[in-house]
Amino acid sequence: MPIPPEVEEAKPQFHPSFDDEDADTVLSSNDHMLFRLPRVTLRKSSGHFRNIFDSPKGKDSEPPEYKIPFPTIPLERVLCLISGLPVPIEKLSFSEIDAMVDVMQYLDTPGPLSTIRVSVTR
């Protein structure tokens, strides 16, 4: 007996801003949104991924997907910052910025963190 569509678990989908098939790394938020990014972007901007990719195990491996333990919205905003896409920081609440900072600390992304610091202190 087939599973009704409303009961079947939602299939992960790619975020429209991060669905470049030429990108070689897939990230997944904790609510199952997928993001494709170039490995070089992640390696240059994130200490977390630099450590993974520079390890002997990560140099040539083809990862299926990296699970990031944060919801889509703050992860999306951080990935936009490291990818050079716009994020209207001045329109975000402190709780939204705080959620982004949690992601930045986890991923060890000093560039976006300094952007947030400058934006908040203005």
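User: In this predicted model, which residues does L27 touch, leaving out those up to four places away in sequence?
Analyst: L27 touches M33, L34, F35, L37, L42, F49, Y66, I68 and L79. A pair goes down as a contact when heavy atoms come within 4.5 Å.

User: What makes L27 part of a nonpolar core?
Analyst: L27 is listed among the residues with the most contacts inside the largest nonpolar core, alongside F35, L37, F49 and L79. Membership takes a buried residue of a nonpolar type, Leu included, joined through side-chain atoms within 4.5 Å. Buried, in turn, means under 20% relative accessible area. That core has 27 residues.

User: Which elements give two or more residues to this core?
Analyst: Strand 3 (33-37), helix 2 (47-54), helix 3 (72-83), helix 4 (94-107) and helix 5 (110-120) do. Helix 4 gives the most, with six residues.

User: Why is H32 called partly exposed?
Analyst: Exposed would need over 50% and buried under 20%. H32 has a relative accessible area of 43%, so it falls in between and is partly exposed.

User: Where is H32, and what is its phi?
Analyst: H32 sits in the loop between strand 2 (25-28) and strand 3. Its phi is near 75°, a positive value, and H32 isn't a glycine.

Terms used. Residues numbered from 1 in each chain as written. Predicted model: local features only at pLDDT ≥ 70, side-chain atom pairs only at ≥ 80, totals over all residues. Heavy atoms only, no water. Buried < 20%, exposed > 50% of the residue type's maximum accessible area, 1.4 Å probe, protein only. Helix = DSSP H or I, 4+ residues; strand = E, 2+ residues; numbered from the N terminus.
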